[in-house]
Structure formats: structure tokens, C-alpha cells
Amino acid sequence: MARFFFHVVDGQFVPDTVGIECSTQAQVKTQAIRIAGEMIKDLGSELWDTSRLDLFVCDAQNNTLLKLSFCAEDVSGSLGNLVPAAQENT
């Protein structure tokens with residue numbers, strides 16, 4: 001099994017110094033989604049203050065393999081012109 005590290009950037013770099021052992025690429029992706037979901041849940045409404053959250057998955061040689069990014073923006077009213085008229089009444 002190989003060890004993978006899940007580094008976070010949320011305005012500052014937060015390195016993962018422990019990592020998680022995974023035997024398949026599917027396990028690495030599942031762990032990345034789980035970790036990102038937990039971070040978003042833990043941040044709650046503070047995500048709006050951070051505005052962006054990136055999770056970088058690296059191997060033991062520090063090669064970046066995967067990246068998950070989340071953006072929180074208050075775009076009140078800006079989607080009105082993008083919603084097709086047929087969907088506005090649903």
C-alpha cells in the first residue's frame with residue numbers, strides 16, 4: 001500500500017504530515033471526497049468567509065495527483081439571465 005497526503009489550502013497552506021495508506025486509485029479518490037466533505041461540514045458558514053477551499057492529493061514523493069476545489073460566493077441575483085425561461089416557472 002502507498003501513502004497519500006491530503007494538503008489543504010484555505011487561504012493558507014495546511015500540510016498533511018501523516019497521510020493515509022491506500023491500495024487503489026479509487027480508494028485515494030474516495031478518501032479525498034470524504035476529507036473534503038468533512039472539512040466543508042466542519043467549516044459550515046465559515047466557508048463563506050474563506051471563499052475557496054482546495055485539497056491537493058500528493059504521493060510520498062510530493063507529486064500532486066488530484067485536486068478538489070470548492071468555491072463559496074454570494075451571487076444573489078446574478079443568475080437571472082442564465083436560467084432558461086422554461087425553467088423559471090418550474
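Arginine 34 counts as partly exposed, with a relative accessibility of 36%, where buried means under 20% relative accessible area, exposed over 50%, and partly exposed in between (1.4 Å probe, protein chains only). Its side chain meets that of glutamate 38 in a salt bridge of 2.8 Å, N to O, a term used for a side-chain nitrogen of Lys or Arg within 4 Å of a carboxyl oxygen of Asp or Glu. The model is a predicted one, in which local features need pLDDT of at least 70 and side-chain atom pairs count only at pLDDT 80 or more, while totals for chains, interfaces and linings use all residues. Residues are numbered from 1 along each chain as its sequence is written, and side-chain values use heavy atoms, with hydrogens and water left out.

**Overall layout**

- The chain holds three helices and five strands, where helices (H or I, at least four residues) and strands (E, at least two) are DSSP runs, numbered from the N terminus.
- Read along the sequence, these elements follow the pattern β-β-β-α-α-β-β-α.
- Of the 90 residues of the chain, 26% count as buried.
- The chain exposes about 6,300 Å², of which carbon and sulfur atoms supply 53%; accessible areas come from the Shrake-Rupley method with a 1.4 Å probe, and for residues only the protein chains shown count as cover.
- Among contacts between residues at least 6 apart in sequence, 42% join residues at least 24 apart, contact meaning heavy atoms within 4.5 Å.

**Strand 1 and its partners**

- Strand 1 (residues 2-9) and strand 3 (residues 20-22) run antiparallel and are joined by three bridges, and two strands are said to pair if DSSP finds at least two bridges between them.
- Arginine 3 has glutamate 21, in strand 3, as its bridge partner.
- With strand 4 (residues 52-58), strand 1 pairs in the antiparallel sense over five bridges, and the partner of phenylalanine 6 in strand 4 is valine 57.
- Strand 2 (residues 13-14) also pairs with strand 1 in the antiparallel sense, over two bridges, and here valine 8 has valine 14 as its bridge partner.
- The hairpin of strand 1 and strand 2 has three residues between the strands, and in this hairpin glycine 11 takes a positive phi near 105°.

**Salt bridges**

- By the distance rule given above, the count comes to three salt bridges.
- Side chains of opposite charge can pair when their charged atoms come close.
- Arginine 34 and glutamate 38 both lie in helix 1 (residues 25-43), four residues apart, which is about one turn of the helix, and glutamate 38 is partly exposed, with a relative accessible area of 40%.
- Glutamate 21 and arginine 3 meet through their side chains in a salt bridge of 3.2 Å, N to O.
- Because glutamate 21 lies in strand 3 and arginine 3 in strand 1, this pair ties together parts that are 18 residues apart in sequence.
- Glutamate 21 is partly exposed, with a relative accessible area of 43%, and arginine 3 counts as partly exposed at 31% relative accessibility.
- Arginine 52 forms a salt bridge with aspartate 54, with the closest N and O atoms 3.1 Å apart.

- Not counting residues up to four places away in sequence, aspartate 54 touches His7, Val8, Val9, Lys67, Leu68 and Ser69.

**The nonpolar core**

- The largest nonpolar core has 16 residues, of which Phe4, Phe6, Val28, Met39, Leu53, Leu55 and Val57 touch the most other members; such a core is a set of buried Ala, Val, Leu, Ile, Met, Phe, Trp, Tyr and Cys residues joined through side-chain atoms within 4.5 Å.
- Strand 1, helix 1 and strand 4 each supply at least two residues of this core, and its largest share, six residues, comes from helix 1.
- Leaving aside neighbours within four places in sequence, leucine 53 is in contact with residues including Val8, Met39, Leu43, Leu68 and Phe70.
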